Amino acid sequence: MNDKTRFLFGKAKITELPLPAAGERATYHDTKTPGLQLRVTSGGVKTFSMYRRTKGGGPERITLGRFPAMTVEQARAAAAAVNAEIETGASPAKVRRAVREEPTFAEAFDDFLTGKRKRDGSPLGERTKRDYQDVFRMYLSPIKAKKLSQIQRTDLKAIHKKTTAKSAAQADRAIAVVSSVFTYMIDQEVFSGPNPASRVQKNPATDRDRFAQSHELPHLLDAVARSGQSDYFLLSLLTGARRSNVQAMAWRDLDLPGAVWRIGNTKNGTPQNVPLSPEAVMVLRARQDHADTSPFVFPGTGKTGHLVEPKRAWSTILRTASLLSLLEALKLDDAARQEADTLLEQGLSPAEERYHAEALNAQINPADFSMTDLRIHDLRRTLGSWQAKTGASLSIIGKSLNHKTHQATAIYARLDLDPVRQSVNTATAAMLEAAGLKEGATVLPLPTKRGAA
C-alpha cells in the first residue's frame, strides 16, 4: 500500500481524487477511522465502506454509502456503529442488515412518540406530542431523512445556531427533543451509537419572573374585557392553571356548587383539584347559561374540539392594554378620552399610530408603557405572585399551582384544599381590588366585552 492511498478524509480531498483507468477501481484509507475506506471507480462513483476482520472470521467489507450523499462525518459515524456491532460478535450479515435497516430520524421520531412512556408509565399526552411534532416540523427537517448513525454533533450545532437566531429557548428545545429520541432508541436497543445531542452547548438560561403588576392590572383586565376570548383569559388568571388545561376544560370536570375544578391529567402526570374563587364561578355560570352542546367550556372547530392556543387574541390584548396605559399617562380630558375610546373601538392600529405620535410630541416614550412582554403563562405566575404578596406559604402556592418538586411533594400531600382555597380567594380579591373591580367584601360584576349584551 503506497502512502498516496492513505490520507485524512475530507470533502475537498475526496472531490479532487483522480479517476482510475477504465475498468479499474482505486481504494483509499482514512487515517482517522480504522477500517474506513473509499473505493473509486473509473466512472467516478465514490463509495465508503468498512473493511475489517470479524471475530472468528476472515476480512469483510461492508458498504456504508456513496459520496457526496454520505458525508465524511456520516461515514465515520457509520463505521463506528459497524465496529460496535462487530465487537459484540455480530456476524457480517447481521452487521450489513443493521446498517441497511437502521431507521432514519423521522422513523425513530415516530417510534418515540408512540412508544415513549412517562415516569408513571402513561404514554405521552396529545398536547406533548403536538409540541414535539411542532419542533420536528419547524427545526429538525435537515436531519429527518438521515440514518441515526449519520447524524453528527456538527449537524445539531448548525440547527441550534440557526434556531437560536429566532428563539434561544426553541433552539435548546430542539436539541432536547433530538436527545430524547436518541436516548429512547438506545434504551430500546435499536441504536448502539453515541447520542450526538450530548455536549451541544445550550444557550444561557434566563430566569423569568414576569407577572402583572398592580399598576398594570386595571389596563390588562380592561383589555381582556374587550376581547372575544375574555372568559378564557380571565379563568387563566383566576385559576392559575396551565393554559392547555384551561383550553381543554370540560363541563363534566366542574363542580360549581362545590367550587372545584378537577383536572384528571396535568403536565406533571398527576390529577389536580383546582379551587374556584367566587369570581371564577361567576364567569363559569354566566358561560354555562349560553353553552351549546359541546362538552368543552371553550369549544373549538379543530380536531381537538376545544380552543387551541389563542396567541393572536393575546397579542391584541397586550397591545390594547399597553395603549390604555399610555392614554392614562397622556392625562386626556373627558372629551378627548371618549374620542380615544371610540377610535380604539374602531381599530387598534390607527389608535396606536395616533396616540403614539401624541405621546412622542409630549416627550413620553410609548415603550415605557408596553406590556407586550407578558406571556399567557405569566397569568399563571401572576396568581402565584399575588398569593406570595398576600402572605401564602411556598407550600400553599406550590399545591395551588400543582408544582411538583422532590422537596415539596411530601408537604403537598399533607395539605387539604381549604387553605389553598383561602389563599387563592385572597389573592384573587387583592388583584381585582387593585384593578378597581372589587370593593371591600363586595364582588363587583367582572367586565364583559364592550358592546355585548
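## Arg319 and its partner

Arg319 comes out as partly exposed, with 27% relative accessibility. This is a predicted model, and in it Arg319 pairs up with Glu352 in a salt bridge whose closest N and O atoms sit 2.5 Å apart. What is the burial state of Glu352? At 14% relative accessibility, Glu352 counts as buried, because the cut-off for that label is under 20%.

## A network of charges

Some salt bridges share partners, and that joins Asp222, Arg226, Arg337, Asp341 and Glu345 into one network. One of the links is between the side chains of Arg226 and Glu345, at 3.3 Å from N to O. Burial goes two ways here: Arg226 is buried at a relative accessible area of 15%, whereas Glu345 is partly exposed at 46%.

## The rest of the salt bridges

How many salt bridges turn up when the whole structure is searched? The count is twelve. Among them is the pair Asp155 and Lys146, with 3.3 Å between the closest N and O atoms. Both of these residues, Asp155 and Lys146, are buried. As background, side chains of opposite charge can pair when their charged atoms come close.

## Nonpolar cores

Over to the greasy side of things. The largest nonpolar core contains 67 residues, and helix H12 supplies the largest share of them, ten residues. Which residues have the most contacts inside this core? They are Leu220, Phe233, Leu254, Trp261, Leu276 and Trp314. In soluble globular proteins, nonpolar side chains tend to be buried together.

Phe233 is a handy one to click on. Leaving out residues up to four places away in sequence, Phe233 touches Val224, Ser227, Pro310, Ala313, Trp314, Ile317, Ile376 and Leu379. Trp314, one of those neighbours, is also listed with Phe233 among the core residues with the most contacts.

Note on methods:
Residues numbered from 1 in each chain as written. Predicted model: local features only at pLDDT ≥ 70, side-chain atom pairs only at ≥ 80, totals over all residues. Heavy atoms only, no water. Salt bridge = Lys/Arg side-chain N within 4 Å of Asp/Glu carboxyl O. Buried < 20%, exposed > 50% of the residue type's maximum accessible area, 1.4 Å probe, protein only. Core = buried A, V, L, I, M, F, W, Y, C linked by side-chain atoms within 4.5 Å. Helix = DSSP H or I, 4+ residues; strand = E, 2+ residues; numbered from the N terminus. Contact = heavy atoms within 4.5 Å.
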